[in-house]
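Have the sequence and the coordinates open as you read.

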Amino acid sequence: MENLFRKLTQKNHILDSYAQVAEKYVLPEGDSYRKFNPGIDGRDLKEFEKDLEANLEDCRRFLLEGDRDFLPQILRQVPKSDPGKFREIYLQSLRDKILQKAMAEAIWPALEKRLSPNLFSYRLSPVYGQGAAVKRLKKFLEENANRGFVFKTDISDFTEHIRHDIL
């Protein structure tokens, strides 16, 4: 646990996490950003970068001191493709996005070891993903003389209907 916390609070680790968050918003030409909806603090990527060192150090102190809470999130209603239907999204502060990315990156290797080899989604390794799942399925069907079948389904509006109080 101590090694995990040491990794999490390293300046380079937090900088890498910032770069991963920012990368999602960089336009193809690389010199400007896509629309970024700031959280409750109102800070966007350009503002954060103006004093990058100090802001990254603030992220690090947040982790080291452990006596502050994450900032509240802003609830937004985003229209769905069906007229009159909306999806709820929550906007985080940029600092909190960076910190949560840093935490996820720090704990992922330990989690990855415990995941089923049959779980193909949400994995970082290139040996997983949709292509790998299709290959595994084809191999299974070939080995079992096509005696199996595939059933793909999706739960409509799952996140809107799951009992969050239980989670």
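## Serine 93

In this predicted model, serine 93 has a relative accessible area of 0%, so it counts as buried, the cut-off being under 20%. You'll find serine 93 in the loop between β2 (86-91) and α5 (94-114).

What does serine 93 touch, leaving aside its neighbours within four places in sequence? Its contacts there are Gly39, Asp41 and Leu71.

## α2 against α5

Now for the helices. The axes of α2 and α5 come within 8 Å and cross at roughly 115°, which means α2 is roughly perpendicular to α5. The crossing is right-handed.

On the α2 side, the contact is made by His13, Ile14, Ser17, Tyr18, Gln20 and Val21, and α5 brings Leu94, Lys97, Ile98, Lys101, Ala102, Glu105 and Ala106. Sorted by class, the contact of α2 with α5 has seven nonpolar, three polar and three charged residues.

## α2 against α4

Helix α2 (residues 11-23) also meets helix α4 (residues 52-65): their axes come within 10 Å and cross at roughly 115°. That makes α2 roughly perpendicular to α4, and the crossing is right-handed.

Lys11, Ile14, Leu15 and Tyr18 of α2 make this contact with Leu52, Leu56, Glu57, Cys59, Arg60 and Leu63 of α4. By class, the contact of α2 with α4 has seven nonpolar, three charged and no polar residues.

Note on methods
Residues are numbered from 1 along each chain as its sequence is written. This is a predicted model: local features need pLDDT of at least 70, side-chain atom pairs count only at pLDDT 80 or more; totals for chains, interfaces and linings use all residues. Side-chain values use heavy atoms; hydrogens and water are left out. Axes are lines fitted to C-alpha atoms, for helices over the stretch in contact, and angles run from 0 to 180 degrees between N-to-C directions. Helices (H or I, at least four residues) and strands (E, at least two) are DSSP runs, numbered from the N terminus. Angles under 35 degrees count as roughly parallel, over 145 as roughly antiparallel, 65 to 115 as roughly perpendicular and the rest as oblique. A crossing is left-handed if the near helix is turned anticlockwise from the far one by less than a right angle, and right-handed if clockwise. Contact means heavy atoms within 4.5 Å. Ala, Val, Leu, Ile, Met, Phe, Trp, Tyr, Cys and Pro count as nonpolar, Asp, Glu, Lys and Arg as charged, and the others, Gly among them, as polar. Buried means under 20% relative accessible area, exposed over 50%, partly exposed in between (1.4 Å probe, protein chains only).
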